[in-house]
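My entries follow the structure.

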Amino acid sequence: MSERDTKTRILDTAEKLFGEKGFDATSLRDITTEAGVNLAAVNYHFQSKEILIEAVIMRGAGPMNQQRIAMLEAAGPKATIEQILEAFVTPILEQDYEPMAPLMARVLASPEIMKRVFKHHMDTLSRRFADAIAVALPELSPAERIWRLHFTAGAMAHTVTRAPVLRDLFGGVLDLQDRKLLIARLVKFAAAGFRAPEVH
């Protein structure tokens, strides 16, 4: 097995087990046993469990974040709030996101991991979007821009992590298959929230 194959097998296994059991309940021994590799291979590629966790999360999130930035840049320096929101949510919601739902749910339920990943990988992204929103809606205060972006991210994360449940609720009224329509709904909903008068 090549080094690349070994690394991929470790990441695949870690993602599966972290999603199923959680980060604390999954040991490196669990991962090495199921992946059929030794601990030295994990240490060689990732050095620690913390680095492995971040690598698993960012393997999926990294390309999506790059696409978000590319869409934001393509919208130009005077993007509308709708264009900004489309860039923010489309890379996540347009794909088959159900396989990543268990891992995302575990991240959202793990404050320390969420803080570490945000600090190392998401802070710059968040600032780019907040700056774009400041141009589109200059009347909003910095805190209000961040709150409303946070609310939008929460709605998106809830849609992703609850997709299997949503499909079975409400008598099948909610259509999760038409991703363009789903994105349009969230963008319209969030844009109305962003345009609402600031609360004082």
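I am working from a predicted model, in which local features need pLDDT of at least 70, side-chain atom pairs count only at pLDDT 80 or more, and totals for chains, interfaces and linings use all residues. Residues are numbered from 1 along each chain as its sequence is written, and side-chain values use heavy atoms, with hydrogens and water left out.

Entry, salt bridges. I searched the whole structure and found 11 salt bridges (a side-chain nitrogen of Lys or Arg within 4 Å of a carboxyl oxygen of Asp or Glu). I looked up E20 and K16, whose side chains form one at 3.5 Å, N to O. Because E20 and K16 are 4 residues apart in helix α1 (residues 3-21), about one helical turn separates them. I then checked R128 and E73, bridged at 3.0 Å, N to O. R128 is in helix α7 (residues 111-136) and E73 in helix α4 (residues 49-74), so this pair ties together parts 55 residues apart in sequence. I also noted a salt-bridge network linking D12, E15 and R59.

Entry, packing. I found helix α5 (residues 81-93) packed on helix α8 (residues 142-161) at about 20°, with axes 11 Å apart. That makes α5 roughly parallel to α8 (angles under 35 degrees).

Entry, patch. I listed V165, L169, F170, V173 and L174 as a nonpolar surface patch of about 470 Å² (residues with over 30% relative accessible area and no salt bridge, nonpolar side chains joined within 5 Å). V165 sits in helix α9 (residues 163-168).

Notes. Patch = residues over 30% accessible without salt bridge, like charges linked within 9 Å, V, L, I, M, F, W, Y side chains within 5 Å. Areas by Shrake-Rupley, 256 points an atom, 1.4 Å probe, with all protein chains shown as cover. Helix = DSSP H or I, 4+ residues; strand = E, 2+ residues; numbered from the N terminus. Axes fitted to C-alpha atoms, helices over the stretch in contact; angles between N-to-C directions. Parallel < 35°, antiparallel > 145°, perpendicular 65-115°, else oblique.
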